[in-house]
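Subject: Structure for your review

Dear colleague,

My notes on it follow directly after.

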Amino acid sequence: KRRDALEIDQLPAWFSGTDKLRSRAAAAYLRTLLLTGARREELAGLRWDDVDFQWSKLTIADKVDATRVIPLTPYVASLLAGLPKAKFKDGTLNPYVFASPMSASGRIAEPRAPHADVLADAGIPHVSIHGLRRTFSLLGEAAGAPAGAIAQVMGHKPSAIAEGYRPRSIDALRPYLAQIEAFILDKAGIKFDPTTAATAGLRLVSAA
């Protein structure tokens with residue numbers, strides 16, 4: 001059974017590596033994977049209609065249920081708001097958040113290549129895309145978030161064994177996911193003030 005994951009000491013180099021990617025969408029995709037624990041295809045299929053900046057929520061396609069709704073944390077919101085809304089060649093709007101002109105579907109389809117570039121730049125041994133999901137789970141525990149909250153964000157099946165698992169509301173999940181995000185950013189050496197970001201407001205960038 002694969003157990004690959006990023007180590008805490010590797011986070012600064014990993015985030016630095018994503019900064020060097022030519023594709024902003026690929027960089028934001030990889031960071032959002034790490035910061036939400038979403039499955040690869042769940043996040044790749046994210047559409048702009050699934051992003052609620054007003055009420056800070058993400059609706060993600062779910063492997064177990066049809067969809068699941070998770071909080072949109074401040075840093076992830078800033079990543080998504082900074083991405084341009086891409087267009088297809090015929091001028092129609094590309095509905096996908098993580099757009100890719102190289103893909104027939106219009107969205108990122110093969111993230112392993114850019115992630116391999118990130119790992120190579122950072123000097124980190126192989127970590128799979130699924131390993132980023134595993135990293136979220138491990139760092140969520142290290143941040144002190146309850147196992148049930150971590151599982152719900154990741155879309156795991158409810159477990160009566162872990163802390164008497166019960167589904168939490170979005171508002172109940174929000175502080176835990178924000179706690180995990182802040183922990184990861186701190187360990188990565190990323191300086192981000194969610195208060196300043198909220199005051200400045202989030203603005204979508206339109207592609208020319």
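Predicted model: local features only at pLDDT ≥ 70, side-chain atom pairs only at ≥ 80, totals over all residues.

Does I190 count as buried, partly exposed or exposed? I190 counts as partly exposed because its relative accessibility is 24%; buried means under 20% relative accessible area, exposed over 50%, and partly exposed in between, with a 1.4 Å probe and protein chains only.

Residues are numbered from 1 along each chain as its sequence is written, and side-chain values use heavy atoms, with hydrogens and water left out.

I190 lies in the loop between α8 (170–188) and α9 (194–200). Helices (H or I, at least four residues) and strands (E, at least two) are DSSP runs, numbered from the N terminus. Leaving aside residues up to four places away in sequence, I190 touches F15, Y75 and L185; contact means heavy atoms within 4.5 Å. Its C-alpha atom is 7.9 Å from that of P12, although 178 residues separate I190 and P12 along the chain.

The chain as a whole

The protein chain contains nine helices and five strands, arranged along the sequence as α-α-α-β-β-β-α-β-α-α-α-α-α-β. It has 208 residues, of which 46% count as buried. Among contacts between residues at least 6 apart in sequence, 62% join residues at least 24 apart.

In soluble globular proteins, nonpolar side chains tend to be buried together. The largest nonpolar core here has 53 residues, and L6, W14, L80 and F98 have the most contacts inside it. Such a core is a set of buried Ala, Val, Leu, Ile, Met, Phe, Trp, Tyr and Cys residues joined through side-chain atoms within 4.5 Å. Helix α2 (residues 24–36) supplies the largest share of this core, eight residues. W14 touches L30, R31 and L34, among others, not counting residues up to four places away in sequence.

Of the 13 residues of α2, 12 are buried, so the helix is largely enclosed by the rest of the structure. The buried residues of α2 include L30, R31 and L34. The end C-alpha atoms of α2 are 18 Å apart, which agrees with the 18 Å that its 13 residues should span at 1.5 Å a residue; the expected span is 1.5 Å times one less than the number of residues. Just after α2, G37 takes a positive phi of about 70°.

The three-stranded sheet

Three strands form an open antiparallel sheet in the order β1-β2-β3. The edge strands, β1 (51–52) and β3 (67–71), each pair on one side only; two strands pair if DSSP finds at least two bridges between them. Helix α8 packs on the sheet, where it touches β2 and β3, and its direction makes about 55° with that of β3. Axes are lines fitted to C-alpha atoms, for helices over the stretch in contact, and angles run from 0 to 180 degrees between N-to-C directions.

Two bridges join β1 to β2 (residues 57–61), whereas β2 and β3 pair over five bridges. K57 in β2 stands opposite D52 and also opposite P71 in β3. The hairpin of β1 and β2 has four residues between the strands, and in it S56 takes a positive phi near 55°.

Yours sincerely
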